[in-house]
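Subject: Structure for you to look at

Hello,

Here is the structure I said I would pass on. Please open it and keep it on screen while you read the notes below.

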Amino acid sequence: MKCQKCDKPATFHITELAGGKPHELHLCEDHARDYLTSPGSETGLATGLVQQMQEMAKQMAIGQTADELAKLDQQECPVCGITFYEFRSQGRLGCPHDYTCFEDQLGPLISNIHGESEHVGKAPKRGSGGSEKRTQLIRLRREMKEAIDKEDYERASEIRDQIKRTEAAE
Amino acid sequence: MTRLDDLTGRSGEWLRGSGPEADIVISSRIRLARNLADFPFVSRAVPRDLAQIEKLLRQRILEIAVPDDLLYVEIEALEDVDRQFLVERHLISREHAESRRAGAVAIDCREKFSLMINEEDHLRIQYLQSGLNLEGVWKEINAIDDRIEEKVTYAFHERLGYLTACPTNVGTGMRVSVMLHLPALVITRQIDKVFRSLQKINLAVRGLYGEGSQAMGDFYQISNQITLGRSEEELLKQIGDIVPVIIDYERQARDFLVKESHENLHDQVSRAHGILRTARTISSEETMHLLSSVRLGINLGLLPDLEIPAINQLFIHTQPAHLQKLSGAELDTTDRNIERAQYLRRHLNKEEEPGEAEKN
C-alpha cells in the first residue's frame with residue numbers, strides 16, 4: 001500500500017478516533033511523523049484530547065507491520081465477539097471482558113492515555129464475583145495489617161468494617 | 001412524579017448564581033461512568049439487553065429516589081425539541097440526545113443530579129451545583145453511587161478499576177469539571193496562555209456544551225482527562241487547586257481593565273446592554289456574546305439594576321429549544337431570532353414599560 005500523501009510505501013496505519021467519526025490513515029514514516037507531531041485540530045478547544053488520541057493512535061501503529069496489525073485486528077473476544085479491529089474503528093469496547101482478552105493491545109494504550117496502569121481509589125463494596133471478592137478480601141486484610149502496623153487504628157477499623165461488608169455481600 | 005414541561009419556565013439550581021466564587025465559577029460538576037458486570041457495553045448490546053439494563057437501573061433509581069422529586073423520561077419517547085431542551089439545560093449529553101436506542105434519564109426536580117441510562121456507558125451519574133464546591137458535589141455523588149451499588153453489580157477490575165466502554169474513562173470513571181466565566185481573560189487575550197498551561201498538566205478545556213463546542217459566551221469548562229492511577233480525592237484536588245489560580249488571573253485581568261481602560265470597558269458593557277434591550281432580531285451567538293459583557297458589567301458594578309441569576313437564566317432560555325418551548329411553537333431560525341429579541345426585551349426592560357414589546 002502506498003502512502004496517502006506521497007509514493008513511498010505506507011508503513012504506518014493510523015486510526016484516528018478523535019472527533020466523532022473514526023477514520024484510517026495510511027502514511028509513510030515521514031508523513032506519519034508530520035501527522036502525529038502536528039498540533040491538532042479543527043476545534044481549538046479540544047486540542048488536549050485530540051493530541052492524546054493521536055498519541056493513542058501512534059501507540060497502536062508504531063513498530064508493527066501491516067501483517068502484524070492485521071493479525072491483532074482479527075483477534076476476537078470470546079464473550080461479546082467484538083474484534084480488535086472493530087474496537088479500533090469505533091473507539092468503544094464491547095464488554096468488560098475485553099479488558100482481559102485484549103490486555104496485550106490495551107495495556108500500552110491505557111498507559112499512554114493515563115500515564116498509569118493501576119487503579120487507585122474507590123471500589124465497589126460488593127465484590128463482583130467469587131475470585132475477585134476473594135482477592136479483594138486478601139487486599140483488605142493486608143491493608144488492615146499495614147494500618148495496624150502504622151498504628152492508624154481509625155483506618156484499620158474502617159477497613160475492618162469494609163471487610164465485614166465484603167464478606168456479607170452475596 | 002415531575003413532568004418535563006414543569007422544568008420549562010424555571011431554571012436549575014446550578015444557574016442560581018450562588019455559592020463560593022459565583023461571579024466567576026458558574027458550576028461544579030462531577031460525573032461517574034458505571035457499567036453493569038453482567039451485560040455487554042452499550043454499543044455491543046442488543047435491544048433486549050438494553051431494555052433489561054434500562055429496567056434494572058430504573059427500578060434501582062426509583063427505589064432510592066423520593067418519587068415527587070423525580071423526573072424519569074425515556075429518550076426514545078421524546079420529540080427532538082425536548083431532547084435539545086435537556087441538552088441546553090446540561091441534563092443530558094448531545095450523544096444521549098441523538099441516540100435512537102433504549103435510553104433514559106432520571107433527574108431530580110432541582111436539576112442537581114441526572115442519571116443517564118444507556119448513554120456511552122450503562123450508567124452515567126452527574127451531579128451539578130452552582131459555585132465552586134467540588135467536595136460537596138463529590139459527597140453527594142459518592143452517596144448516590146453507593147446507594148445504587150447496594151443492589152447492582154458494577155463491572156470492576158482488580159487492577160483497572162471501574163470498566164468503561166472507552167478506555168479513556170477506565171479507573172475511577174470520574175470526570176470533575178468546573179465551568180468558569182472568563183471574559184476579562186478573553187478581552188486581554190490571555191486565555192490561550194491559560195489553555196496551554198492547563199494542557200501541559202493534562203487538563204481539558206471545553207466550551208459551554210462539552211466536547212467540541214465553541215467557547216460561547218466566554219464560558220469554559222476545565223476538567224480532568226486522566227481517570228486511572230489517581231484516586232477520586234487526588235482528581236478533586238488537582239482541579240480544586242488549579243481553579244483558584246485561574247480565578248485569580250481573571251480577577252487580575254478585570255482589575256487591569258477597570259484601571260487601564262475603564263471607559264472602553266464601560267462602553268462595551270453599556271452597548272451590549274443597549275443592543276440586548278432594543279434589538280428586533282438577534283442570533284443565539286450574538287446574544288451569548290453580548291450577555292457575557294453584561295454579566296461582566298454586573299460583576300464590576302457597572303449595571304447596578306441587574307442581577308446575576310436573571311442573566312444566567314437568559315443564557316439558557318434564549319437557546320433554540322428553550323425559546324420554542326417557552327413560546328409553545330415550532331420556530332425556524334428567522335422566527336427564533338425575532339422571538340429571542342422579544343424575549344430579551346421583555347426581560348431586560350421589565351422595570352420600565354411592561355407593555356413595550358407588545359406596543360410596537
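Two residues are in contact if their C-beta atoms, placed from the backbone, lie within 7 Å. By that rule, 36 residues of chain A are in contact with 40 residues of chain B. Please keep in mind that this is a predicted model.

On the side of chain A that touches chain B, the elements that give two or more residues are α2 (47–61), α6 (103–114) and α7 (130–149) of chain A. The most come from α6(A), with five residues. Sorted by class, that side of chain A has 16 nonpolar, 13 polar and seven charged residues.

The next notes concern strands in chain B. Strand β4 (residues 113–117) of chain B is mostly covered, with five of its five residues buried. In a regular strand, side chains alternate between the two faces of the sheet. Here F113(B), L115(B) and I117(B) point one way from β4(B), while S114(B) and M116(B) point the other way.

Which strands pair with β4(B)? One is strand β3 (residues 104–108) of chain B, which runs antiparallel to β4(B) and is joined to it by four bridges. In this pair A104(B) stands opposite I117(B). The two strands form a hairpin with four residues between them, and E111(B) in the turn has a positive phi of about 60°.

Another is strand β5 (residues 123–130) of chain B, which pairs with β4(B) in the antiparallel sense over five bridges.

Last, a pair of helices in chain B. Helix α2 (residues 80–88) of chain B packs against helix α11 (residues 320–327) of chain B at an angle of about 120°, with the axes 8 Å apart. Because of that angle, α2(B) is oblique to α11(B). Their crossing is left-handed.

Which residues of α2(B) and α11(B) meet? From α2(B) they are V81(B), Q84(B), F85(B) and E88(B), and from α11(B) they are P320(B), A321(B), H322(B), Q324(B) and K325(B). By class, this contact has four nonpolar, three polar and two charged residues. Note that the α2 of chain B, at residues 80–88, carries a label that also occurs in chain A, where α2 covers 47–61.

Regards

Conventions. Residues numbered from 1 in each chain as written. Chains lettered and ligands numbered in written order. Predicted model: local features only at pLDDT ≥ 70, side-chain atom pairs only at ≥ 80, totals over all residues. Axes fitted to C-alpha atoms, helices over the stretch in contact; angles between N-to-C directions. Parallel < 35°, antiparallel > 145°, perpendicular 65-115°, else oblique. Left-handed = near helix turned anticlockwise from the far one by under 90°. Nonpolar A, V, L, I, M, F, W, Y, C, P; charged D, E, K, R; others polar. Buried ≥ 20, exposed ≤ 12 C-beta atoms within 10 Å, placed from the backbone. Pairing = 2+ DSSP bridges.
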